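The structure comes before the notes.

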Amino acid sequence: MAGFNKMGCILTAFLGFMFLQLCSATRYYDWVLKETNFTRLCSTKSILTVNGGFPGPTIQVHKGETIYVNVRNQGLYGVTIHWHGVKQPRNPWSDGPENITQCPIQAGSNFTYEVVFSSEEGTLWWHAHSDWTRATVHGAMVVLPAAGTTYPFATPYAQQTIILASTYRLLVDYGKTYMLRIINAIMNEEQFFAIANHNLTVVTQDASYIKPITTPYIMITPGQTMDVLVTTNQPRSHYYMASTAYNDGDVPYHNGTTTAILQYRGNYSTPSTTPLPNLPIHNDTTAADNFTARVKSLASKAHPISVPTNITTRIYMTVSINERICANASCAGPNNNAIAASLNNISFETPSIDVLQAYYRGINGVFQGNFPSNPPLFYNFTGEVVNSTKYPTFGTKVKFLKYGEGVEIIFQGTNLVAPENHPMHLHGFSFYLVGTGYGNFNKTTSPKTYNLVDPPEANTIGVPKNGWATIRFVADNPGVWFMHCHLERHASWGMDTVFIVRNGNTKESKLRPPPAHMPPCSKS
């Protein structure tokens with residue numbers, strides 16, 4: 001049974017590799033990637049794991065600390081690790097996306113990541129960033145307040161990480177407030193989550209504090225994290241926690257219900273039936289929107305925000321599912337073609353040499369620096385289907401940004417092939433979600449709806465089906481940073497691009513040099 005870890009400074013061991021004092025400012029972890037037999041639902045499979053566990057180890061740090069993680073790959077193929085939501089100031093060398101900021105750690109070799117935490121505070125997670133390996137190679141990162149500070153709410157009695165994709169039984173005491181650190185590690189589906197007969201109070205999203213939201217359920221996209229307070233004020237018994245898919249598209253999805261037990265301690269008869277929470281139905285867009293519309297930054301004196309208002313680069317970016325033409329109509333997709341995906345009608349092709357190395361060393365022919373700021377054609381994106389945009393161009397195109405400039409990206413969903421919600425994730429930054437809406441973005445009226453006072457700060461946001469979402473950030477992190485849809489099938493089809501933030505004029509605004517050893521790109 002899984003219990004709650006009391007908050008504070010503790011001594012822990014990672015499967016016998018080393019003991020780590022969680023109060024130190026710099027710590028070292030030793031991880032082994034290896035195939036391990038796991039049994040779930042009466043089926044035994046060999047899966048890739050970290051240190052033999054699924055999920056993998058939880059990293060616990062204080063805000064502003066730095067850790068080193070040595071990854072030894074004893075698996076069968078090359079893998080990388082990404083530290084989702086960690087900004088890694090000036091240090092894309094340890095960000096992790098395969099062939100974007102590094103080449104894979106080949107089987108039989110190792111690589112040490114330097115993970116630099118800065119302004120993040122709350123729950124994040126790490127996962128493999130090679131092909132679909134994050135399905136089993138992932139774990140939590142708990143970022144506690146910096147030494148000498150505390151939460152902007154009463155300190156919870158205890159905490160528990162909940163990774164949607166794992167199994168739990170949580171033991172609780174009556175009359176206490178617990179923090180649940182919830183991570184959506186599911187590959188391709190947004191999720192509703194609730195606990196029977198208990199309200200949830202959401203206090204962070206993507207390791208940024210928000211104005212507390214009391215709600216019977218949450219909606220969380222793949223890649224997102226939320227910290228939720230739960231007060232155990234119901235009669236002592238067993239209660240189901242449950243999660244089901246939110247799916248607003250006409251695409252296959254898993255329609256089952258994932259459950260776990262919230263079990264009160266004490267003397268009582270085990271109930272004959274355990275109540276389930278009332279979750280919205282799978283396509284309840286109103287329920288999803290009603291939740292996400294309530295998310296606002298805390299924006300307090302102790303936790304201020306700074307929404308950029310001087311925008312010098314504005315990017316209008318269409319987000320689309322497309323078709324890739326197959327010779328002799330030989331594929332099983334629409335019109336006997338293959339499925340593709342694109343941003344501004346460009347389907348990203350991952351190079352064989354990582355983009356960061358090519359940029360830093362001036363290697364030609366790896367990428368093109370001409371990702372467009374607008375789609376090739378303006379039309380009724382959420383209505384008609386234009387054949388000329390159904391078939392994208394393919395290439396490794398990146399967008400250069402000047403250091404320190406204010407950037408606005410308007411993500412525009414389209415009605416091509418299979419429209420649905422797209423959880424877009426940007427590496428190297430948190431950004432502000434200043435506006436969302438349905439239909440086509442209108443450059444005159446839509447900006448009038450922006451929230452520039454307390455918009456949520458995030459690293460992953462959902463672009464509504466056949467709608468738009470606008471984000472803003474300051475390009476103050478020099479380096480190479482990946483942006484992609486966090487639905488794994490869409491990312492693998494090409495719904496990705498890369499931003500390269502040029503160096504500034506000071507040492508503190510320039511990309512750091514690479515570490516002494518980076519995984520070589522000589523093998524696929």
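The lining of the second largest cavity holds six nonpolar, five polar and no charged residues (Ala, Val, Leu, Ile, Met, Phe, Trp, Tyr, Cys and Pro count as nonpolar, Asp, Glu, Lys and Arg as charged, the others, Gly among them, as polar). The model is predicted: local features need pLDDT of at least 70, side-chain atom pairs count only at pLDDT 80 or more, and totals for chains, interfaces and linings use all residues. Residues are numbered from 1 along each chain as its sequence is written, and side-chain values use heavy atoms, without hydrogens and water.

**Cavities**
- A cavity is a set of points on a 1 Å grid over the protein atoms alone where a 1.4 Å probe fits but cannot get out, and lining residues have an atom within 4 Å of a point.
- Three cavities of 30 Å³ or more are counted, a volume being the space filled by probe spheres set on the points, which are joined across faces, edges and corners.
- The second largest cavity has about 50 Å³, and its lining includes Thr 318, Asn 345, Tyr 379 and Phe 381.
- The largest cavity has about 90 Å³; among its 14 lining residues, Ile 162, Leu 164, Phe 193, Thr 258 and Ala 260 are closest to its centre.

**Sheet**
- Antiparallel strands β27 and β32 are joined by three bridges, and Leu 426 stands opposite Met 483 in β32.

Notes:
1 Å grid on protein atoms, 1.4 Å probe; cavity = no way out; pocket = protein on both sides within 12 Å on 5 of 7 lines; lining within 4 Å. Pairing = 2+ DSSP bridges. Helix = DSSP H or I, 4+ residues; strand = E, 2+ residues; numbered from the N terminus.
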